[in-house]
Each structure stands twice: as structure tokens, then as C-alpha cells.
Amino acid sequence: MRERRGRGGRRNHGTGRPSSKEEAVAAREWSPCGPWSSTAELGACTRLSEKAVYLHKWWLLLRSTPLLMKCTSTIFLTHSSWPRRLKIGLQGDVTDPRTNSFLYILDILPRLQKLPKYILLENVKGFEISSTRDLLIQTIENCGFQYQEFLLSPTSLGIPNSRLRYFLIAKLQPEPFPFQAPGQVLMEFPKTESEHPPKYAINAEKKTEEKKTEPNICFDSSTQCSGKDTILFKLETAGEIARKHQQDSDLSVRMLKDFLEDDIDKHSFFLPPKSLLRYALLLDIVKPTSRRSMCFTKGYGRYIEGTGSVLQTTEDVQIENIYKSLTSLSQEEKIMRLSMLQLRFFTPKEIANLLGFPPEFGFPEMTTIKQRYRLLGNSLNVHVVAKLIKILCD
């Protein structure tokens, strides 16, 4: 575990760099390669008038209570350590050892000599119905914070990437936020005071998740399927295809081509034939003209299913024609047909672009492609966080 400390220079508009009045007191990394690239993430902070304590991600195994006790901090920026509810992870809530660092922060927060003025916290969807969240709310309420919870995605800012995340902003003040909705998790950014309050919200007190409808999956023509969710092709239902078409028709969202690199060695990012054969029916395929992409996780590039979209570089080829009767072909014929799409992974730089990192951001040469994917998959969207900080500090 490593720590970085540093003071930023005067911020320039649009660069995301901190002003001279900001100071990142500490950043803790779980990954040993994280500190090499943390400077760009620290630069995502909006202007602050005092010092900031940057407690970055869930790698915060803090054991230095005196460090926090003496900090005259303005803001805590943190990913809480509630385990991600993913296929490659486990969900243990407060009983999971990985939650210890966050519980430790909640334990010492009321005992700080000077409470932070602001708190911003991020986690995955599902945190809002966890016991850890309940403990968080209880703690900040007892400390006198006013707070609001959100479920936000970059698509609400016109960015073609779905990355739905839980956010909490809290401010040490007696008056509530103008947009504050007690007991609700807002599904959009708050409006100005002159506008109506957000219409889309869920009740944070409901502890039951909505059940997802499981589609009837047809792997080939011999499989019996019934019901309105029958798979059409590529293991997608009519409803799923309609949803993707609707996303691609949303002109408020930019096209993916605005975030792609021009000069890259595409062949080094092509999906290998083995992956094409095994995961052909599970791939989320997008084009440069698409206005959507799946959330990129730390397993991207190594795993296929559920880790992020892949890019079709031959835009004139119709995907429906490629997948027509695909299951009846031999392996060689399948590879030949799927290769016509020229599917490739998004590059780490392209994912960083979608996450809102500045154009000058880059990884040190010593980091591997796998390490870069892992760091980006564990990151967050800079634009979403920047807007929340602006709302918080206004």
C-alpha cells in the first residue's frame, strides 16, 4: 500500500487540474500500480477553498488514526469498500472483511477534532439497500450532516457509456439542500431552485430489490422457447434490442466515435478466435456511430461476459446477417463469418476518454494493458463526480 501527497498548481478551465488552493493530503491505493497514475485522478477535483483529504477507492486500509484526527479537511472523496455485487466478486455487506476500512472511517468520523465540511461517496448500485449504507446514514446524521443520495450514469451527461453508480453527497450545515428528498435516492442530477424537483426517485427505505425478468434463451432452432421475451438472435430479446435502438436514437448522447483513438494497431486489440467461438452469442457489440456502451469493469480484456462492450470496426456489415443460422455452422465457418465484423476491444485510452480523463492523461510505460484495464475498471467517471462536487460546494 502506497501513499501520495502533493499540491496542485493553478487550475486551467477544461483541464481538470486542481487550483493552487487545493491540497491532496493523502491517497491510498490497493493496487501497487495505482499511485503511478493517481495524479490525473486527483486532478478531477473541482476548486476548493481549503485543504482536501482524498481517500481514494476501497483500498483505504487506514490504521493511522492520528493522521485523520489532525487533518483540517474540507472534503472526503471516497469509494466505500462495500464489496461489488458482480459475478467475479462476493457480496457480504458488513460481514465481509473488505468492508473493514469503510467501517473504520465511520467509527472515527464522529471523533475527529474537526469534521469535514463535505463528504462525497461512490459505490455500485445495490449499496443503497445494504446494512453498510444504513450505518453510514446513521453516522452522518448523528454528526449533523445534510445529505442526498443518487443513482447516476454518465449517459445523463451525454456520454455514451452506462456506468450506473450510487453517490452520496453530504454537507455539514443545519439547512437541508434545496433539492433534498429525505428517504429517496434521486435518479438524476438536481435541477436549479427555479425548476421542479427531480421526478425520478426510488425509496431508499425499501430493502427489496426488483426482480429481473429472465428471458427465455434459445441457443439454436432445436430449443423450445415460449413467451414474449423469446430470443431473436445473439441471445437478445426483442425488448433488449428495442432498448439498444432507443439508446442509439438519443441525440442528447454523443457518438462513440468522438472518444475513439485514430491511430492504433487494431490487430493487437482484435478478439481472438477462441473468444469469438465461445462468447459470440454473449458479446455486446457497438459501432463507432453507436450512442451507448456497457460499463467497463476491471476484468475487461481478460474476461468477455459482462465486462464491457466490443467495437465492430466494419460498419457496413449487418450484424443480423452475420448471426443468422450461426449455430448451424462449423467452427471454421463461424470464425470466418464472425471475423467479418472485425471486433476489437476498446483501448485503455478510449475507456479513459469515456470516463472523462483529460486528453493529456496517459499511463506510465511500465504498466501493462491488463493493469490499465484493471485501474480503469475500478475508477469512476470524472464528469459525474465533478458535477456532484460543484453542486456540493455551491
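Is Cys 393 buried, exposed or partly exposed? With a relative accessibility of 23%, Cys 393 counts as partly exposed. Keep in mind that this is a predicted model.

## The cysteines

What about cross-links? A disulfide is a covalent bond between the sulfur atoms of two cysteines. Searching the whole structure turns up 0 disulfides.

## Strand E7 and its partners

Strand E7 covers residues 165-172 and is mostly tucked away, with 7 of its 8 residues buried. Strand E5 (residues 118-124) runs antiparallel to E7 and is joined to it by 7 bridges; one of the bridge pairs is Val 124 with Arg 165 in E7. Strand E6 (residues 145-152) also pairs with E7 in the antiparallel sense, over 8 bridges, and here Tyr 147 has Ala 170 of E7 as its bridge partner.

Between E6 and E7 comes a loop, and Ser 153 sits in it. At 12% relative accessible area, Ser 153 is buried. Its side chain reaches the backbone nitrogen of Arg 163 at 3.2 Å. Leaving out residues up to four places away in sequence, Ser 153 touches Asn 161, Ser 162, Arg 163, Leu 164 and Val 384.

## A three-stranded sheet

Further along, 3 strands make an open sheet with mixed pairing, in the order E12-E13-E14. Strand E12 (285-286) and strand E14 (343-345) are the edges: each has a single partner strand, so one side of each has no neighbour in the sheet.

Strand E13 (residues 310-312) and E14 run antiparallel and are joined by 3 bridges. If you want to find the pairing on screen, look for Gln 312, whose bridge partner in E14 is Leu 343.

## The nonpolar core

In soluble globular proteins, nonpolar side chains tend to be buried together. In this model, the largest nonpolar core has 38 residues. Leu 271, Leu 283, Ile 285, Tyr 300, Tyr 323, Phe 346 and Ile 351 have the most contacts inside it. At least two residues of this core come from each of helix H6 (273-279), E12, E13, helix H7 (319-323), E14, helix H9 (348-354) and helix H10 (369-377).

Setting aside neighbours within four places in sequence, Tyr 300 is in contact with Thr 307, Gly 308, Ser 309, Val 310, Phe 345, Phe 346, Ile 351 and Tyr 373.

## Aromatic pairs

How many aromatic pairs are there? The count comes to 10 aromatic pairs. In one of them, the rings of Phe 127 and Tyr 166 have centres 5.0 Å apart and planes at 55°, so the pair is tilted. Phe 127 lies in the loop between E5 and helix H4 (131-143), while Tyr 166 belongs to strand E7, so the pair ties together parts 39 residues apart in sequence. Phe 127 is buried at 0% relative accessibility, and Tyr 166 is buried at 0% too.

Phe 296 and Phe 346 form an edge-to-face pair, 5.2 Å centre to centre with 65° between the planes. This pair links distant parts of the chain, 50 residues apart: Phe 296 is in the loop between E12 and E13, and Phe 346 is in the loop between E14 and H9. Both Phe 296 and Phe 346 are buried. They also belong to one aromatic cluster with Tyr 300, Phe 345 and Tyr 373.

Notes. Residues numbered from 1 in each chain as written. Predicted model: local features only at pLDDT ≥ 70, side-chain atom pairs only at ≥ 80, totals over all residues. Heavy atoms only, no water. Pairing = 2+ DSSP bridges. Helix = DSSP H or I, 4+ residues; strand = E, 2+ residues; numbered from the N terminus. Disulfide = S-S within 2.5 Å. Buried < 20%, exposed > 50% of the residue type's maximum accessible area, 1.4 Å probe, protein only. Core = buried A, V, L, I, M, F, W, Y, C linked by side-chain atoms within 4.5 Å. Contact = heavy atoms within 4.5 Å. Polar contact = N/O pair within 3.5 Å; in protein donor to acceptor, adjacent residues only side chain to side chain. Phe/Tyr/Trp six-rings, centres within 6.5 Å; stacked < 30°, edge-to-face > 60°.
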